[in-house]
Amino acid sequence: MKQSRIIVAGIGPGSEQDITPAVVEAIRRADTVVGYKYYFRFIERYLSPGAETIDTGMKRERERAEEAFRRAVGGRTVCVISSGDAGIYGMAPLIWEMKREQGSDVEIEVLPGISAFQKAASLLGAPIGHDLCIVSLSDLMTPWELIERRIRAAASGDFVTAVYNPRSEGRYWQLHRLQELFLAERDASTPVGYVRQAGRDDEQITVTTLGEFDPGQIDMFTVVVIGNSQSYIADGRIITPRGYYREQSGEDAGIGQEIMIRSFRRIESELRDPDIPLDRKWALLHAIHTTADFEMERLLLCDAGAVAALYGKIARGELRTIITDVTMAASGIRKGALERLGIEVKCYLHDPRTAELASAKGITRTQAGIRLAAAEHPDALYVFGNAPTALMELATLIRRGKAAPAGIVAAPVGFVHVEESKHMIKPFRSIPKLIVEGRKGGSNLAATLVNAILCYNDAGRLRPGRDV
């Protein structure tokens, strides 16, 4: 005896050209076709002459499923049509659940179709080229609290996100809330596209940004697609790169630089306040990358435009010397960047004169080293990653007119005189300064802030580590 079957078929978003041959064949050989009445217009010409059709209105999914099981007896084949893909917010899960509930021995087959988000994506360009998720804003069967958790996860996870059931007459505020949640995690320039009536006669395609997106323009016939942090708009379409082409011209990034680029993007996505001036953000990303400490958002103090100003002096040849308090700070500054820019790094800690001066004056060796450095290079960039007494010495020399630094990177670490030393240089407002507030600091942190200055011309493209 012929096995009774229910074929759940996705008929695509609404165009005959988007119905798969397998689905067309299933409709042709079905004894009964069950579906929402609006969709029969798309498959009517494929129905066999003797086929029974059962069409119902909206929100009658369970009733349609029950009719399908009633008809699927005695070896009959019933085709249940579902828009898009039957397994994505379609009839397939309901049919399978009802089979279990009834203990039915009817054979179930699911035929995939082109989903609405796939059709919309093809019209928008290539927005779903990387990891993606789909969120429905319909709270008829899912509590809004759970939907909002899923939205937050999609936004923070940097997923390309397709939004189904975005807005209706009664559901008018949920899409506004989604936009608000995404803006808390994504840049306002993130590409957003939406397509109304995808694949149908009155199809409308719109490309905009997350900040400019107007939820009031959306209805139930619209699919919204939100790009990720790498998505961009080109020729009026949205592209989400997979990574086949590098953003950098010339040679590809090496493995070390590629890891650093990915790390910076991750850090940027987790900043509490991503909308900060570029030069401070560039220094902050370096600081967090080195320390894995997001408290740097609070602790790193940068004078307005300090990083850009110091890089400008280097680029113009006005700054050629960097002085560090200890050799460890000097060793962390990238040699490739120094060679590329013609910069010399000097540390006087092990200069024979330093020990003599420290002994004669009763001061620390780091103080003595800074005193010698100021005599020979009063206008250098001064970098401190260890000794608060050295930073205090520089403050004294500036007040006495014996030093006029091009800039100061202040990140001494410890418990005695550390905070005071940092406060002592704040009054010198004409000197560009980067200061790690409080007790925290260290030679590695001081060095990475210098590295941020040396490669500031890579900040706009967020391409750190060219000299790694």
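In this predicted model, Gly10 stands opposite Ser82 of strand β4. Their two strands, β1 and β4 (residues 77-82), run together in the parallel sense and are joined over six bridges. This pairing belongs to an open sheet of five strands, which follow one another in the order β3-β2-β4-β1-β5 with parallel pairing. At the edges stand β3 (52-56) and β5; each has a single partner strand, so one side of each is left without a neighbour in the sheet. Ignoring direction, neighbouring strands of this sheet are turned against each other by 20 degrees on average. Strands of a sheet pair through backbone hydrogen bonds, in either a parallel or an antiparallel arrangement.

Helix α4 (residues 92-102) touches β1, β4 and β5, and its direction makes about 170 degrees with that of β5.

For a closer look at strand β2 (residues 32-36), Gly35 is a handy place to start, as it is found in that strand. With a relative accessibility of 0%, Gly35 counts as buried. When its neighbours within four places in sequence are left aside, Gly35 is in contact with Phe40, Ile54, Asp55, Thr56, Arg64 and Ile81. Of these partners, Ile54, Asp55 and Thr56 fall within the stretch given for β3 (52-56), while Ile81 falls within that of β4 (residues 77-82). The C-alpha atoms of Gly35 and Arg60 are separated by 9.4 Å, the two residues being 25 apart along the chain.

Glu109 and Arg5 meet through their side chains in a salt bridge, with 2.1 Å from N to O. Glu109 lies in strand β5 (residues 107-111) and Arg5 in strand β1 (residues 5-10), so this pair ties together parts that are 104 residues apart in sequence. The two partners can also be described by their accessibility: Glu109 is partly exposed, with a relative accessible area of 23%, whereas Arg5 is buried, at 16%. In total, the structure holds 30 salt bridges.

The side chains of Arg70 and Glu67 form a salt bridge with an N to O distance of 2.8 Å. Both residues belong to helix α3 (residues 61-71), where they are three residues apart and thus separated by about one helical turn. Arg70 counts as partly exposed, at 48% relative accessibility, while Glu67 is buried, with a relative accessible area of 17%.

Asp467 lies in the segment after α18 (443-454) and Arg340 in helix α13 (residues 335-341), so the pair ties together parts that are 127 residues apart in sequence. Asp467 counts as buried, at 19% relative accessibility; Arg340 is partly exposed, with a relative accessible area of 32%.

Another open sheet is built from three strands, in the order β6-β13-β12, and its pairing is mixed. Its edges are β6 (125-126) and β12 (232-234), each with a single partner strand, so one side of each is left without a neighbour in the sheet. Strand β6 pairs with strand β13 (residues 237-239) in the parallel sense, over two bridges. Here Gly125 stands opposite Ile238 of β13.

Finally, a helix pair can be described in detail. Helix α8 (residues 255-270) and helix α9 (residues 278-291) pack at an angle of about 110 degrees, and their axes are 10 Å apart. The two helices, α8 and α9, are therefore roughly perpendicular to each other, since angles of 65 to 115 degrees count as such. On the α8 side, the contact is made by Met260, Ser263, Phe264, Ile267 and Glu268, which meet Lys281, Trp282, Leu285, His286, Ile288 and His289 in α9. Sorted by class, this contact of α8 with α9 has six nonpolar, three polar and two charged residues.

How values were computed
Residues are numbered from 1 along each chain as its sequence is written. This is a predicted model: local features need pLDDT of at least 70, side-chain atom pairs count only at pLDDT 80 or more; totals for chains, interfaces and linings use all residues. Side-chain values use heavy atoms; hydrogens and water are left out. A salt bridge is a side-chain nitrogen of Lys or Arg within 4 Å of a carboxyl oxygen of Asp or Glu. Helices (H or I, at least four residues) and strands (E, at least two) are DSSP runs, numbered from the N terminus. Buried means under 20% relative accessible area, exposed over 50%, partly exposed in between (1.4 Å probe, protein chains only). Two strands pair if DSSP finds at least two bridges between them. Axes are lines fitted to C-alpha atoms, for helices over the stretch in contact, and angles run from 0 to 180 degrees between N-to-C directions. Contact means heavy atoms within 4.5 Å. Angles under 35 degrees count as roughly parallel, over 145 as roughly antiparallel, 65 to 115 as roughly perpendicular and the rest as oblique. Ala, Val, Leu, Ile, Met, Phe, Trp, Tyr, Cys and Pro count as nonpolar, Asp, Glu, Lys and Arg as charged, and the others, Gly among them, as polar.
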